[in-house]
Amino acid sequence: MSTNGFVPQPVFGPPEDQCVAMSIVRFCTNIAMIIYFVLEAFVLLFVPSKWRMKSVKDEIVLVTGAGSGIGRLMSIKFADLGAKIVCWDINKDGMDETVADIKNRGGVAHAYVCNVADRHAVYATADRVRQEIGKVSIIVNNAGFVTGKRFLEIPDEGIEATFNVNVLAHYWVRPSLNVFTAFSGLLYCPNRMGRHEWIIREFFGA
């Protein structure tokens with residue numbers, strides 16, 4: 001008996017036979033999944049891509065953070081596939097370059113200056129898009145923010161901006177455009193919330 005009067009109780013796990021059986025089941029499941037995905041990939045080699053991919057021709061695609069980086073590249077890619085692009089960003093010059101690139105390639109694009117961290121600006125801009133362009137059917141929630149500072153050195157304003165852009169903006173953008181009433185309701189979010197590298201440095205991962 002211990003000095004404080006507490007008698008430790010033995011901890012029993014599952015029987016050894018049961019552990020072995022569970023391991024065998026997991027192993028067989030993993031093997032079955034590997035075989036399935038290998039066979040699926042093999043079959044898809046013989047299926048034309050136009051039959052495997054949903055056409056986005058003439059769909060209205062909204063891309064946030066379209067003024068540079070991934071947002072610009074995705075805007076151009078969707079435009080090359082025949083979609084009409086609606087660019088949102090706080091960087092007007094960058095957006096204008098994206099729109100110019102798309103138009104030079106024969107695509108259709110429109111630019112709207114919008115701070116996605118401001119829900120009132122999002123709602124107002126969404127109304128303009130509906131009236132001037134039409135109903136958005138695909139949203140690419142790409143806009144992101146990062147301070148680039150060490151975790152304990154991030155100022156309060158930086159923390160607020162990180163959550164406003166990388167988290168809350170997703171809640172403002174999608175409902176404001178009611179995207180699930182059109183097309184297939186595709187919602188793509190390449191932007192992920194800032195992570196912590198060994199809980200030391202915050203950085204953006206897209």
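Predicted model: local features only at pLDDT ≥ 70, side-chain atom pairs only at ≥ 80, totals over all residues.
Residues are numbered from 1 along each chain as its sequence is written, and side-chain values use heavy atoms, with hydrogens and water left out.

Start at residues 20–47, which an unreviewed UniProt entry annotates as "transmembrane region"; such annotations may be inferred rather than shown by experiment. That span is 89% helix and 0% strand, and its end C-alpha atoms sit 41 Å apart.

Now for the pocket (on a 1 Å grid over the protein atoms alone, an open set of points with protein on both sides within 12 Å along at least five of seven lines; lining residues have an atom within 4 Å of a point). Of its 22 lining residues, Gly65, Asp89, Ile90, Ala143 and Gly144 lie nearest the centre. Helix 3 (69–80) and strand 2 (84–89) are the elements giving two or more residues to this lining, and helix 3 has the largest share, with 3.

There's also 1 cavity of 30 Å³ or more in the whole structure, a cavity being a set of grid points where a 1.4 Å probe fits but cannot get out. The volume of the largest cavity is about 30 Å³. Its lining is Thr64, Val116, Asn141, Ala143, Val165, Ala169, His170 and Val173, with the largest share, 4 residues, coming from helix 6 (residues 156–177).

How values were computed. Points joined across faces, edges and corners; volume = space filled by probe spheres on them.
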